[in-house]
Amino acid sequence: MKKKKNVRNIVKDAIIVILVLICVGEGVLLKSFVFNGKPGTVNSFKLQIIQKAIDQYYLYDVDEEKLTEYAYKGYVAGLGDPYSTYYTKEEYQKIREEDKGVFSGIGAVLQQDSDGNISVVRTMKGSPAEEAKLHPGDILVKVDGQKLTKKEDISTVVSKVKGKEGTTVKLAFMRGKKVKEYTLTRRQIESSTVEYEMLDDKVGYIRITEFDEITVTQFSKAVDELKAEGMERMILDLRNNPGGLLLSAVSIADKILPKGLVVYTQDKYGKKEEFNASSDDELGVPLAVLVNARTGSASEVLSGAIQDYGYGTLVGETTFGKGIVQTTMNLGDGSALKLTITDYYTPKGRNIHDKGIKPDVEIELDENLLKKVTIEKNEDNQLKKAIKIVKDLKK
């Protein structure tokens, strides 16, 4: 007596029959089942089977365009790299528009770590984020009710947070183990990336909040005006600066350092590209650079070069540790692909990815200041330490 097939085998056989019938019914040759590509290569025939199964059996309506876009997104997400992603035409257009320097949003600078978490780095003065008392380190977990995964691309998330002036966005942030929801009204935010002032004893203070195209001009203006006021020493504050454009960081290094290598990149084939300081400009005054755990990417390029040349003293906490470079490629139909393509190295050959840069003088921010959104300069213990250091340095 023959043994009866169990339910699992019956279902398995039924599925195989269905797929074969689908393929034969649509005129697909059976030899297409033979896949000769290398392991890991996309099997286009398998995709056809999935598509036909959806067409014939899926219960609900299908947005074909969305389905296709998610196929591209899923393929790139398979890299497991939070810094590489596929942008749809609409996403890429929105990202490019936001790079112009004036946008409508909540005024929070966000950063993504190597685990995929997206958190607040800082809030802008007078912004909805500041008024809501968002804190550095708050982790964004939902946008308009949609839970974020750790594979979300930060640029795509930011484009969802930003939007038309006067509209609202619902956000949920996790602080410690508690999640709090906010409904914030978007406002027009003008991005000013450089703040500066003269402190006591002719100590100039310059804070760079991020590196974009306008930052180089703003930094040059700050240095020129402080020197005109008689600056004898300088504090460069790169705390809570998530980075930005590599070339902007190199251009600012060119205004601080003597001629020479600022940073070099290396791709998967070992090909190197060097970025150098080439002008005769040098800062010419004792320098301290403030850094912390949210000093990342382009900020680490600048602070790493300053440290390698011994041109200034790094003060604060070990930096974020993003030592890789991405490029965005237009795919010809308005969509785009952002890929990690190189490592970068400091002038002495250090790659700091997932390690960060250890400051010359380590000092943590006072615990009572960690929960404050705005820290006054007269209570900032890290700044006080940096001021003491530059005063002790010879001119």
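Phe219 touches Val194, Ile206, Ile208, Met234, Leu236, Ile252, Lys255 and Ile256, leaving aside residues up to four places away in sequence. In this predicted model, Phe219 is also named, together with Ile206, Leu236 and Ile256, among the residues with the most contacts inside the largest nonpolar core, which has 39 residues. As general background, nonpolar side chains in soluble globular proteins tend to be buried together.

**The nonpolar cores**
- At least two residues of the largest core come from each of strand 11 (203-208), helix 7 (215-228), strand 12 (233-237), helix 8 (246-256), strand 13 (260-266), strand 14 (272-277), strand 15 (287-291) and helix 9 (298-309).
- Helix 8 gives the most to this core, supplying six residues.
- Another core, which lies apart from this one, has 20 residues, among them Ala132, Leu134, Val158 and Leu184.

- Thr265 lies in strand 13, and it counts as buried because its relative accessibility is 6%, where the cut-off for buried is under 20%.
- Leaving aside residues up to four places away in sequence, Thr265 touches Lys271, Lys272, Glu273, Phe275, Val325, Thr342, Asp343 and Tyr344.

**A nonpolar patch on the surface**
- Tyr58, Leu59, Tyr60, Val62 and Leu67 form a nonpolar patch on the surface, and together they have about 540 Å² of accessible area.
- Tyr60, one of these patch residues, is found in the loop between helix 2 (44-57) and helix 3 (64-77).
- Tyr60 counts as exposed because its relative accessibility is 55%, where the cut-off for exposed is over 50%.

How values were computed:
Residues numbered from 1 in each chain as written. Predicted model: local features only at pLDDT ≥ 70, side-chain atom pairs only at ≥ 80, totals over all residues. Heavy atoms only, no water. Patch = residues over 30% accessible without salt bridge, like charges linked within 9 Å, V, L, I, M, F, W, Y side chains within 5 Å. Areas by Shrake-Rupley, 256 points an atom, 1.4 Å probe, with all protein chains shown as cover. Salt bridge = Lys/Arg side-chain N within 4 Å of Asp/Glu carboxyl O. Helix = DSSP H or I, 4+ residues; strand = E, 2+ residues; numbered from the N terminus. Buried < 20%, exposed > 50% of the residue type's maximum accessible area, 1.4 Å probe, protein only. Core = buried A, V, L, I, M, F, W, Y, C linked by side-chain atoms within 4.5 Å. Contact = heavy atoms within 4.5 Å.
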